[in-house]
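Please read this briefing alongside the sequence and the coordinates. It takes up one residue and then two ligand surroundings, in that order.

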Amino acid sequence: MNEPKLKSIFTSTDFQQTELTAIEKPELTDGFHLVIDALKCNDIDTIFGLVGIPITDLARLAQAEGMRFIGFRHEQNAGNAAAIAGYMTQKPGVCLTVSAPGFLNGLTALANATTNCFPMILISGSSEREIVDLQQGDYEEMDQLNAAKPFAKAAYRVLKAEDIGIGVARAIRAAVSGRPGGVYLDLPAQLLGQSLDAAHGRKSLVRVVEPAPRQIPSPDAVQRAIDLLKGAKRPLILLGKGAAYAQADAAIHTLVETSGIPYLPMSMAKGLLPDNHPQCASAARSFVLAEADVVLLIGARLNWLLAHGKGKTWGAPKKFIQIDIAPTEIDSNVAVAAPVIGDIGSCVSALLAGIKSGFNKPSTDWTASIQARKDKNLAKMAAMLDQNTVPMNFHGALRAIRDVMKTRPDINVVNEGANTLDFARSIIDMYEPRKRFDSGTWGIMGIGMGYAIGAAVTSCLPVVAIEGDSAFGFSGMELETICRYQLPVVTIVFNNNGVYRGTDVNPTGGADVAPTVFVKGARYDKMIEAFGGIGYNATTPAELSKFLIEAIAANKPALINAVIDEAAGTESGRLTNLNPASTATKK
Ligand code: ADP
Ligand code: TZD
């Protein structure tokens, strides 16, 4: 197949042969080009990755062909950037890595994307199959396809250049159709160099038609849900990040307002409706979860983040209506009285049609009791937020940030840590959808700079990353990437000298510090200065506010080291109860 076909038959001399080949040799393409063509043909214009054997030329070529290649310092961060780009756009974010170790570094991000239902494709080069399969010890040898399978929604390997088009199409469809997730695409080194007649290559490309088709719910299911909702005395809508992902913003807005039902956003669904919306029950979260009798879940799973739908959090038994694209999600933790299976846009529109034809808004008993609880909690919170202690505590620092962010609802927020995550989630209000990106379903640390870069590149808008000092450390080297691409990312490190807090001591009195403790008084702001970014050291809420305003206005890479009282945090933030306690009686 690699031999060019010549129309004429060669005769005598080498000279003649060379001449004829030059004139009549058909145009060739190869694996490198076909991968780029296949991505471009499906409107994928950005690759997040880290180069090396065998994919360096693939990255170069992508850039030469007009794609954006964003190079990272560690593959996990590139993968996280791809994942968040997928979440923001409904197009799979693409991450490109080298074999074995590079692939494994990217795999954590792929697994995290799958766990969070974000569409992403991890493309890895891999070593020679003949050697890998006989385990003869190749450079970066690993059976990557099988390693990826348990962590991905789907995993494919392409062995022939003419199959690249179909391989990429399968990866795209698998990533975005149904419940979105991470897909692994294995490209052995030999494949990239394989050549192919260019016309044949062009024909092998596949433009995916309707990659995420609408899934219309059954009318019976919709009616069952409406009946349940109509009979509710204390209804509640719970919006998850599936609802934000679905980009059915207007329909969801109308459903909430037409029904008059109070709603609670999960952390990444904040901003789907503005957090200051009168029906938002966030400030009365415990109260509404315990008191509601019918709960409509829209793109939210009853996992640990929602106490599995049972126990003290949920008070008296209640009836659930659940809208989800994945039928197996239903009854995963508790019985769901009215499952509505389909895409959120179609399901919400169908419910809305039923509600418009006659629906009594929830009783004022219910809404007034929620309002009373909100007022009480907000007053308590306001007193906490007003604190101006030095060194800063979480509340004083976050109030300063909140007040600045209020003026720029378009800015993306990335957030990770333990206390930093828990407090920021409730204190920083969001006003626009798909602007808040955090530790998500796994409660993972290390998404910070990857998500920040992915969000900045995808939205072309600034990002403010609110990071615990431990959380920041997982991806901190990407400050160089942020500076290299001059991304408008302002990172705020909540520096309390350790994991959760900085006050633990080594009980033996030995020289090593306690497991949770870092270097005291570290100056993270100096790190960004090494790469030409702007560093600030904030010790008071007033300074923090001033520096944040300045950094956002500069529209340049910046890092604010926010000095937080090292005694301010609690172990594991709000998850203290998940730490197993030792039951040993021996000393
Ligand atoms: P949260 O953590 O915010 O509660 P989850 O990640 O637990 O949200 O839940 C998201 C849910 O949304 C998943 O069960 C997923 O199947 C579902 N989902 C994602 N996209 C869609 C969509 N377009 N239509 C319907 N359901 C969706
Ligand atoms: N490793 C990974 C990948 N994810 C994790 N969630 C953890 C470790 C454990 N972990 C948490 O759950 S939160 C956290 C760790 C290490 C950091 C908390 O400290 P911080 O934040 O400095 O980031 P606070 O605000 O000081 O609590």
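Asp525 is found in helix α22, which spans residues 525-529; helices here are DSSP runs of H or I with at least four residues, numbered from the N terminus. The model is a predicted one, in which local features need pLDDT of at least 70 and side-chain atom pairs count only at pLDDT 80 or more, while totals for chains, interfaces and linings use all residues. Residues are numbered from 1 along each chain as its sequence is written, chains are lettered from A and ligands numbered from 1 in the order in which they are written, and side-chain values use heavy atoms, with hydrogens and water left out.

**Asp525**

- Asp525 counts as buried because its relative accessibility is 2%, buried meaning under 20% relative accessible area (1.4 Å probe, protein chains only).
- The side chains of Asp525 and Arg523 are joined by a polar contact of 2.8 Å, that is, a pair of N or O atoms within 3.5 Å, of which, within protein, one must be able to donate a hydrogen and the other to accept it.
- When neighbours within four places in sequence are left aside, Asp525 is in contact (heavy atoms within 4.5 Å) with Gly535, Tyr536, Asn537, Leu559 and Asn561.

**Surroundings of ligand 1**

- Around ligand 1 there are 20 residues, of which Arg179, Lys241, Arg301, Asp324 and Ile344 come nearest; a residue is included if one of its heavy atoms lies within 4 Å.
- Oxygen atoms of ligand 1 lie 2.7 Å from a polar backbone atom of Lys241 and 2.5 Å from a polar side-chain atom of Asp324, whereas a nitrogen atom of ligand 1 is 2.9 Å from a polar backbone atom of Ile344.
- Of the 580 Å² of accessible area that ligand 1 has on its own, the protein covers 96%, as computed by the Shrake-Rupley method with a 1.4 Å probe.
- Helix α12 (residues 241-245) provides the largest share of the shell around ligand 1, namely three residues.

**Surroundings of ligand 2**

- Ligand 2 has 17 residues around it, and those that come nearest are Asn419, Thr420, Gly443, Asp469 and Ala471.
- An oxygen atom of ligand 2 is 2.9 Å from a side-chain N or O atom of Asn419, and a nitrogen atom of ligand 2 lies 2.9 Å from a backbone N or O atom of Gly443.
- Taken alone, ligand 2 exposes 590 Å², and the protein buries 75% of that.
- The elements giving two or more residues to the shell around ligand 2 are α18 (419-427) and α20 (469-473), and α20 gives the most, with three residues.

Technical notes:
Buried means under 20% relative accessible area, exposed over 50%, partly exposed in between (1.4 Å probe, protein chains only).
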